[in-house]
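Student: Could you help me learn to read a new structure, one feature at a time?
Tutor: Gladly! Let's look at it together.

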Amino acid sequence: MYFVEKEDRSFAVKPMNCPGACIVYRTAMRSYKELPLRLAEFGMVHRYELSGVLHGLFRVRGFVQDDAHVYCTPDQIEAEVIDCLDMLEKVYKVLGFGVPEIKLSTRPPDRMGSDEIWDKAEGALAGALRNWGKSYREAPQEGNFYGPKLDFDLTDSLGRKWQCGTIQLDFQMPERFGLEYVGKDSGRHRPVMIHRAILGSLDRMIGVLVEHYAGKFPVWLAPTQALLLPVTDKTLPYAKDVEARMRAVGLRVDVDERNEKIGAKIRDGIGRRIPYLLVVGEREAAAGTLSVRPRDGEDRGALPAAEVIEDIRKRHASRALDL
Amino acid sequence: MTVARVTLPDGKTLEVPLNSTCADVARKIGPRLAKDAVGCFWNGELCAMEQRITGDGQIRIITKGSPDAVLLIRHSAAHLCAAAVLELFPDAQLGFGPPTAEGFYYDFVVKEPFTPDDLARIEAKMRELAALGLPFERKELDPVAAGKELRRLGYKLKAEYLEELKLKGDVISFYVNGNRFSDMCRGPHVASFGAIPAFKVLSASGAYWRGDASGIPMQRIHGTAFPSEAELKKHLDLVEEAKKRDHRKLGSELDLFSFHEEAPGFPFWHAGGVVLWRELTGRGTTTTTATTCTSWRRRTAPSP
Ligand SMILES: [Zn+2]
Ligand SMILES: [Zn+2]
């Protein structure tokens, strides 16, 4: 952790988001009607790592988590976990990963909480997994002392595993922060807390995505989605016009205006892993077409500009993985 | 207490007399499993089937065909690597050498860091020893005799480590390969140095004795081993491909992000990288929260 002293008080640079969520929970007297209460954030956290172990985006000292904390009753755990699993499945699919490897870690010998709550919590996690219908591995005794958990490993295009997602039940933090809600019976009860992250560290995920795709991002992620390549100065105005039309529909596009041979421009575009290289010669300018060279696969030849723009726009909007 | 409760991977438990071996447990589960067992995880640690059970714990048995069986090959290759290093560098001190998800490593105290040439010689020596066969033979000693044996072998660090554990009544196992090499180890291994199907020495890096950065500096040799040459080649190709697409390299080539001495461990995001953030989160990114003091002090005059 990183510490700072100011005005005789010591502060830590936030190493985790969870306590902040608990403090927000505590700002009001909660009723059972408000549960499940879901608090999500992209929260930046800081962890001190020895300089020798730092490794690009995989091992950093500050990173952002897609963190959420759900406060609920024990009876609501299963439905909440089912929701998390749905979201997780959607997100991994959009990113182009297959079904993750799932691990259910259950009660360790040293633990807090009654057997009753553990039975309920483990039953809810297993029930949610069964509902989801994906196979999972059980890791007896590998749970946290404060609750059972699910971990999700993604497999990248080189077959490497990356532990990214996690759904962890927590019986301890609500106790430590004195979290309560007023139940139907007007009595005070302690909520269960669910920590969940789908990508884990955003920074690390970006590193994983760069390597998974070898820099050849799908259209929706590619920083530059298309590059217009005027063959000569004469076709520059047409290229600029197409650029404006593409920008108008929200596409990220550039024009290579340099006074270079078209071959060199194409080589540079390939080097930048840009999904679409759009060659603009005099014939294209005259006919209102674009010669489409997708990053992978065959040249598509000259196609009407409006058609090309619409095709790329659709792939961007639907987050298609192919070009 | 005269029995130990053993938890199986499915959560079921069975009881065995204390001082039974993991092999006894396997036999109790079924003769087929006992026959196919090549090693196990006892309380999460890789062990030979001869491992004594001295208390309650969990077991996961590794069978011939299971994915974990490759750990035996890698474990054995780590011994072979240490044997080769000691033959070429008789003054080297041995640290530890476990199998990993990708291969194995072994740590050594040596006068000079290993050069690429040294690594090639080590690999050649490994092949020479493998050609001799050299079966792994298990030898069990009590902790005092084991300490003496380690001193006799000249394994000072391991001897100190063992003495520090202050074990009583335990069985310490050694694995001996003919008159060429001996190492304190829980096992398991393949039958002999000659039975390691495919291996390769990959690189050397700095390490510290027991991971303590203020402690004794060591040299770590990284290598890998596989059940076949084809699988080894496939792995090496993947490693090569992973190097090509290393995100640190691609990150700067594609102008996505960069790393700087002003803030080690904090990425600096470029415009292209910010697009990734926006697509993934619907918003941009925060810039780095910490940089060295000098990068603030460098500005001597207020900017306009
Ligand atoms: Zn949390
Ligand atoms: Zn060994």
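Predicted model: local features only at pLDDT ≥ 70, side-chain atom pairs only at ≥ 80, totals over all residues.

Student: Which residues form a nonpolar patch on the surface?
Tutor: Y48(A), L50(A) and V53(A) do, and together they have about 270 Å² of accessible area.

Student: Now the metals. Which protein donors does the zinc ion (ligand 1) have?
Tutor: They are C18(A) through SG, H69(A) through NE2 and H195(A) through ND1, at 2.0 to 2.3 Å. Their spacing in sequence is C-x50-H-x125-H. C18(A), in helix α1 (residues 18-25), and H195(A), in strand β12 (residues 192-201), are 177 residues apart, so this pair links distant parts of chain A.

Student: Are C18(A) and H195(A) buried or exposed?
Tutor: Buried means under 20% relative accessible area. C18(A), at 7%, is therefore buried, and H195(A) is buried at 9%.

Student: What coordinates the zinc ion (ligand 2)?
Tutor: H75(B), H79(B) and H189(B), each through NE2, and C185(B) through SG, at 2.0 to 2.4 Å.

Student: Why is the arrangement around the zinc ion (ligand 2) called tetrahedral?
Tutor: For four donors, all angles must lie between 85 and 135 degrees. Here the four donor atoms subtend 88 to 129°, so the arrangement is tetrahedral. H79(B) lies in helix α3 (residues 70-88) and C185(B) in the loop between β10 (181-184) and β11 (198-208) of chain B, so the pair ties together parts 106 residues apart in sequence. H79(B) is buried at 2%, and C185(B) is buried at 10%.

Key: Residues numbered from 1 in each chain as written. Chains lettered and ligands numbered in written order. Heavy atoms only, no water. Donors = N, O, S within 2.8 Å, 3.2 Å for Na, K, Ca; no water. Helix = DSSP H or I, 4+ residues; strand = E, 2+ residues; numbered from the N terminus. Buried < 20%, exposed > 50% of the residue type's maximum accessible area, 1.4 Å probe, protein only. Patch = residues over 30% accessible without salt bridge, like charges linked within 9 Å, V, L, I, M, F, W, Y side chains within 5 Å. Areas by Shrake-Rupley, 256 points an atom, 1.4 Å probe, with all protein chains shown as cover. Salt bridge = Lys/Arg side-chain N within 4 Å of Asp/Glu carboxyl O. Tetrahedral: all angles 85-135°; square planar, octahedral: opposite > 155°, others 65-115°.
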